[in-house]
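Colleague: I'm new to this one, could you walk me through it?
Modeller: Gladly, here it is.

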Amino acid sequence: MIIEVRRAIASLIILMFFSPALLAENADTEQNETPIDVMGKVTNHDYFELPWGKINLPRILYAGGEWYFYSSTNSALESGEFIIEEEAGLVRYDGEPIAFDISITSHLIYVWFSLILTFIITYLAGRKYRRGIGRDTEPKGALLNMFEALFVFIRDQIAKEFIPENKYEKYVPYLYTIFLAITFMNLFGLLPWAAAATANLTVTATLAFITFLVTQISGTKDHWQHVFAFPGVPKWALIILTPVEILGLFTKPFALAIRLFANMLSGKIMIVCILGLIFVFTELFGAAIGVTSGVFWVLLTVALYFLKALVALIQAYVFTLLSGVFIGMAVEEHHLDHDETSVAHAQDVATQHH
Amino acid sequence: MQFIAAGFGAGIIALAAAFGIGIIGKSATESIARQPEAAGDIRGAMLLTAVFIEGVALIGAIVCIILALGIGQ
């Protein structure tokens, strides 16, 4: 152990002496490089980035009562129909703003990839089950074993745990789908050139909205009674409680969306910023310290990368877990007779004392 | 000024969230040590509670980001 540490320190010192020579070669070319676009690594683009280049994505725009289709932003500009203005960005030539922009963007592509992957895995596993493999016999092969472990985990640890016993089966497919899709979307963010689609507030808000719909549609009478007329409290307290409960309906999916969004956004920004420290140190203390400290920053980035992979899985789990908890709270049927017996018991005690 | 406010806000959020999650971790590990057979249930409850704290902390963090970027001024 001590020998290894000594060896590492020795190589760092050697690197410190040699690094200026390494940097000197391309010192001139470095001058006119653009600064690193930190937010550009995570935000939505009109092109699809690959390790060897970019693919322009089609634009579908609706402005002033007409639909426009272009193969890329450039072709929209070349056709003369659209121009870029200072403040509004892309607008039509006569200044008419774009009413709907349903262009295919890079995040949307990753959402599609995730959904297709989810569908393929589930379909292949389902086909095997239909043939009887895994149902009559032991599950066979890597795919079926992985699918079963995942599915049973969602069913037993999330659905069965938080949704009442007689109703949970209906919600297992939804929870399973949302877990797998979010996992794939998050894991795409680990590719250096790709971006996590869940680092986009619209994507997470849509997912949270679906959970909101499922929760409210499957809400029982008791759920709505708890919102509008909370049982067992004095009438005057309802003036405070009802607005709070109605607000609570919306803050739950809101927090769900913000949580996933903020977690997925921060990961890549942190990695890019820590790698950027190499250049900051080079600027401040010279090339030698910059390059030497780079060893440390790269190691830190590797650690963060593993943390990001862990966070990707944990956040998908948390989203599914909270969806399960919210659905479970909505479909629960409270047995009010429990309260009545306790009241009756209190009266019994009171009469005995008299 | 808004940068100072955002910085202080982010610091207080980190402090409060760390305090809350620390308490959860402390009680969870104590409970698991006392009753190792219930480790699975305790872990689930721990995660659920930590997630609620995280949600509140993140909303605070978003407010700080909005403050720092000067959105809506």
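Colleague: Let's start with A:Asp101: what is its relative accessible area, and does that make it buried, exposed or partly exposed?
Modeller: A:Asp101 is partly exposed, because its relative accessible area is 44%; buried means under 20%, exposed means over 50%, and partly exposed is in between, with a 1.4 Å probe and protein chains only. Please keep in mind that this is a predicted model, in which local features need pLDDT of at least 70, side-chain atom pairs count only at pLDDT 80 or more, and totals for chains, interfaces and linings use all residues. Residues are numbered from 1 along each chain as its sequence is written, chains are lettered from A and ligands numbered from 1 in the order in which they are written, and side-chain values use heavy atoms, with hydrogens and water left out.

Colleague: Which residue does A:Asp101 form a salt bridge with?
Modeller: With A:Arg59, where the closest N and O atoms are 3.1 Å apart; a salt bridge here is a side-chain nitrogen of Lys or Arg within 4 Å of a carboxyl oxygen of Asp or Glu. This pair links distant parts of the chain, since A:Asp101 is in strand 7 of chain A and A:Arg59 in strand 3 of chain A, 42 residues apart. Helices (H or I, at least four residues) and strands (E, at least two) are DSSP runs, numbered from the N terminus.

Colleague: And what else does A:Arg59 meet in a salt bridge?
Modeller: The side chain of A:Asp46, at 3.8 Å from N to O. A:Asp46 sits in the loop between helix 1 (2-24) and strand 1 of chain A, 13 residues apart from A:Arg59. A:Arg59 is buried, because its relative accessible area is 11%, whereas A:Asp46, at 24%, is partly exposed. Salt bridges that share partners join A:Asp46, A:Arg59 and A:Asp101 into one network.

Colleague: Where is A:Ser103, then, and is it buried or exposed?
Modeller: A:Ser103 is found in the loop between strand 7 (100-101) and helix 3 (106-130) of chain A, and it counts as buried because its relative accessible area is 9%. Its side chain makes a polar contact with the side chain of A:Asp101 at 2.4 Å, and a polar atom of that A:Ser103 side chain lies 3.3 Å from the backbone nitrogen of A:Ile60. A polar contact is a pair of N or O atoms within 3.5 Å; within protein, one must be able to donate a hydrogen and the other to accept it, and residues adjacent in sequence count only if both atoms are side-chain atoms.

Colleague: Changing topic, how do strand 1 and strand 2 of chain A run?
Modeller: Strand 1 (residues 47-50) and strand 2 (residues 53-56) of chain A run antiparallel and are joined by 4 bridges, two strands being paired if DSSP finds at least two bridges between them. They form a hairpin with 2 residues between them, and A:Phe48 has A:Ile55 in strand 2 as its bridge partner.

Colleague: What about the contact between the chains, how many residues does it take from each?
Modeller: It takes 14 residues from chain A and 10 residues from chain B, where contact means heavy atoms within 4.5 Å. The count between the two chains is 1 salt bridge, formed by A:Arg259 and B:Glu54 with their closest N and O atoms 3.9 Å apart, and both of these residues are buried.
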